[in-house]
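I opened this model to look up a few contacts. My notes follow the structure.

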There are 2 protein chains.
Amino acid sequence: MSGRRQRTAAVAESGGTIAPSKSQRAYRLLHDRIVDGTYSPGFRLVLDAIGRELDMSVVPVREAIRRLEAEGLVTFERNIGARVAEIDELEYHDTMETLSYVEGAAISLAAGLYSASDVAAARAINDEMRQSLADFDPVRFTALNEAFHRQLTDVCPNGVLGDVIDTCWKRLARLRQSTFSFVPSRAVPSVDEHDGILALIEEGADPRRIELAVRAHRLATPDAYLHRAQPKP
Amino acid sequence: MSGRRQRTAAVAESGGTIAPSKSQRAYRLLHDRIVDGTYSPGFRLVLDAIGRELDMSVVPVREAIRRLEAEGLVTFERNIGARVAEIDELEYHDTMETLSYVEGAAISLAAGLYSASDVAAARAINDEMRQSLADFDPVRFTALNEAFHRQLTDVCPNGVLGDVIDTCWKRLARLRQSTFSFVPSRAVPSVDEHDGILALIEEGADPRRIELAVRAHRLATPDAYLHRAQPKP
DNA sequence: CATGTCGGCATCGTATACGATTCCGAATCT
DNA sequence: AGATTCGGAATCGTATACGATGCCGACATG
């Protein structure tokens, strides 16, 4: 998931050997659980309970949750508590739209920088996507789709833009678990569009043309697929 | 500073009458001081001292700092402490570049939505910019420049994109204090470009054309002006 | 004089404690 | 029965306390 580009200082991991603080452990764990869907939107994050599970007091847990809140993954209301942020149709749409622009930007900025192996790697992922379609494995397809896009955007040297893209993916991840995020009617054209984008990159097309292709690809995904309906715990 | 667009849920202010938590007070204060330059990059944020000043213990202060860290305004190293994040030439460039893309996106998305009074307000700001140039008031000029851009981007209904733009501005604010952020040779062309953008909006030009105009306007600002050299306290 | 070691101080990191607030169900009233 | 009030449990918000860590200057040593 971590690409070639530089990360913004504030987000950079603190150096290697030092033991991470408890607050960082809590952040990582909660973050991962939210992103991988273990905690779905609306899930109540009770500080005490999390603290007990992670064998720490509430203080570091609160800090972790503050950070998640700032990233938009969690909502935290005074005297009420924290929940995994819901993602509604509007936010979903806005995130997709934003992603369409920033991905277009990132990939066009990276246009001259792709090595043959970058393109090969992306193509390999796309081939796997075709296979996952044949196997009718929507979960795998969705994961590979993110991998494909990240493979391309990670080459962009602009770390700030990369962070924005990360944030978008994190938000979308909250509903990626849902099989609704896989739209069968879009799957085949989508994979073909990937090939088209790779072809543009390989032939050294005008970055602006690549940008528009990427944007159109993203925006082609219908908005309609936000249906999740699970009662919140 | 708050525009017409919706804010993302997580960032929304908690309702009106409820007293803000101490942690929120601390966040607001530190945030404002960083953005308005009271605390310049590299300034050491000592938890104890801040707590005493705000008449609270370190716990809420730490939470506030975590949030600022997530926004990239502060760096926080284990057992070392927190500082206002430095902004180096690379991050500055990347932020400007990102802003050029997302502002272009926001304004083109808002293209059909500008009312006559929106345009008039922006034009009024731009006229003030001309005046501030005549007065040679770089601080005012710089502030008005941000106001002009926000006046246009705030009309964009995409809240996620709006949050991204906010984040970019906050990062840039850390060096806006420096007179270096005012490049005399760019000032006149910049104001003229503003008029050009407004004209495109008024004549209902193709959003993509507006997008490219905005992007070019932003990118025309030279990178060179990052020279700050103050010893950190 | 340059360098290395030690000790104390400043500061961080987190546990614990406790008041404040909200939620929820039971008892009461109409 | 339905609405209302009340009380306790759950949970949050923050202060305080204290060990852990890093910084820096004093001192010793070559």
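Entry 1: I am working from a predicted model. I looked up what surrounds DNA strand D and found 20 residues. Among the closest are Arg62(A) and Asn79(A) from one chain, and Lys22(B), Ser57(B) and Asn79(B) from the other. I then checked which part of DNA strand D comes within 4 Å of the protein: sugar and phosphate make up 85% of those atoms.

**Entry 2: make-up of that surface.** I sorted the residues near DNA strand D by type and got nine nonpolar, six polar and five charged. I also looked up which elements supply at least two residues each. In chain A these are β1 (44–45) and α2 (47–54). In chain B they are α1 (22–35) and α3 (58–70).

Entry 3: Arg62(A) has an N or O atom 2.3 Å from a phosphate oxygen of DNA strand D. Ser57(B) places a polar side-chain atom 2.4 Å from a phosphate oxygen. For Arg44(A), the partner is a sugar or linking oxygen of DNA strand D, at 3.5 Å.

**Entry 4: Arg83(B).** I located Arg83(B) in strand β3 of chain B, residues 81–84. The side chain of Arg83(B) reaches the backbone oxygen of Gly42(B) at 2.5 Å. I also noted Arg44(B), which is 39 residues away along the chain. The C-alpha atoms of Arg44(B) and Arg83(B) are 4.4 Å apart.

Technical notes. Residues are numbered from 1 along each chain as its sequence is written. Chains are lettered from A and ligands numbered from 1 in the order in which they are written. This is a predicted model: local features need pLDDT of at least 70, side-chain atom pairs count only at pLDDT 80 or more; totals for chains, interfaces and linings use all residues. Side-chain values use heavy atoms; hydrogens and water are left out. A residue is near a molecule or strand if one of its heavy atoms lies within 4 Å of it. A polar contact is a pair of N or O atoms within 3.5 Å; within protein, one must be able to donate a hydrogen and the other to accept it, and residues adjacent in sequence count only if both atoms are side-chain atoms. Helices (H or I, at least four residues) and strands (E, at least two) are DSSP runs, numbered from the N terminus. Ala, Val, Leu, Ile, Met, Phe, Trp, Tyr, Cys and Pro count as nonpolar, Asp, Glu, Lys and Arg as charged, and the others, Gly among them, as polar.
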